Amino acid sequence: MPLVPSSHKAPFYLFNGHLQTVVPSLFRQVEGVQYKRERLLTPDQDFLDIDWSCVGSDSLIVLSHGLEGDTARPYMMGMVKAFNARGVDALAWNYRSCSGEPNKLLRSYHLGATEDLHTVLHHALAKKQYSTVFLTGFSAGGNITLKYLGEAAEQVPAQVKRVAVFSTPVDLKGSAQKISRIYTQRFLRTLGKKLEQKQQMYPDQLDLSGYSLQWSFPEFDDRYTAPIHGFKNAEDYYARVSSKQFLKNIRIPTLLVNAKNDPFLSPSCYPIQEAEANPNFYLEMPEQGGHVGFAVGFRRKRNYAEERAVQFLLEG
């Protein structure tokens, strides 16, 4: 029954889930991380830009970012820095179209694109014989990671020993209905710019007429995400890529930390029954933390997600 108690408390001046989400995202700065970028060709003749931060270790952590994020986000760089400091190499990967350059194909990324995580993992293991690999993911990256672990558990490399993910919408339909318009508009703004780039590349395959920042995520996903990536509609997309259905198959010790005041997560994104049924799947639900926030002492540059990941992944 791996339901884990949590000791996390947000600073008093971040007194609700929205502040705990927004303030770390906008104002946190992480210094001292120097990436070395590599362009990785994918089996379908596209590319992924991956960023290495190595300290000469035989252990590696692979990091997957959130929706419309990238490897330069503070939560990504903070985690890289925390593991480098503990003597672990880090590989942070950008999803297709998230590295500052549009990818080549009409398709981009979506929240179930485990084939790209698979490609990144196997490339890393082919490049260096790491004896131990850890995975971590945030929000969308958490869903991709959990889905990867459970959809074909026998294909996960044996070197992957432990996993920790944070702020993960394991039920995408519930999350899409919960997230407020103010957050949705922010995402739709950047997604719309990327669609404009793709329309220039594929003018006969994309119609942006009527595109609106007032749409909900189901409306956006129904018109673009689903058909571009081979799903019937948004309902089909959410049903097939939500990681919740795969949690029962996870064979590797895996921690999910979802704050109860996360403004992105619906009640269905707290998989208590799944944690109770699978001894390899640990669920922690702190009262506070927001969405990919988890500030401890914002002015002291501490972050609970990093401390908890180090504890769970390295100390067991």
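This is a predicted model: local features need pLDDT of at least 70, side-chain atom pairs count only at pLDDT 80 or more; totals for chains, interfaces and linings use all residues.
Residues are numbered from 1 along each chain as its sequence is written. Local features need pLDDT of at least 70 and side-chain atom pairs count only at pLDDT 80 or more, whereas totals for chains, interfaces and linings use all residues, and side-chain values use heavy atoms, with hydrogens and water left out.

**View A. Helices α6 and α7 pack against each other.** Helix α6 covers residues 181-201 and helix α7 residues 217-228, and they pack at an angle of about 30 degrees with their axes 12 Å apart; helices here are DSSP runs (H or I, at least four residues), numbered from the N terminus. Because of that angle, α6 is roughly parallel to α7 (angles under 35 degrees count as roughly parallel). The contact (heavy atoms within 4.5 Å) is made by T184, F187, L188, L191 and L195 of α6 together with F217, F220, Y224 and I228 of α7. By class, this contact of α6 with α7 has 8 nonpolar residues, 1 polar residue and no charged residues.

**View B. Strands β2 and β3 form a hairpin.** Strand β2 (residues 36-41) pairs with strand β3 (residues 47-53) in the antiparallel sense over 6 bridges, where pairing requires that DSSP finds at least two bridges between the strands. K36 stands opposite W52 in β3. Between the two strands lie 5 residues, and Q45 in the turn has a positive phi of about 65 degrees.

**View C. An annotated domain is shown at residues 60-296.** An unreviewed UniProt entry places the feature "domain: AB hydrolase-1" there, although such annotations may be inferred rather than shown by experiment. Over residues 60-296 the chain is 39% helix and 14% strand (strands are DSSP runs of E, at least two residues), and the end C-alpha atoms are 26 Å apart.

Methods
Axes are lines fitted to C-alpha atoms, for helices over the stretch in contact, and angles run from 0 to 180 degrees between N-to-C directions. Angles under 35 degrees count as roughly parallel, over 145 as roughly antiparallel, 65 to 115 as roughly perpendicular and the rest as oblique. Ala, Val, Leu, Ile, Met, Phe, Trp, Tyr, Cys and Pro count as nonpolar, Asp, Glu, Lys and Arg as charged, and the others, Gly among them, as polar.
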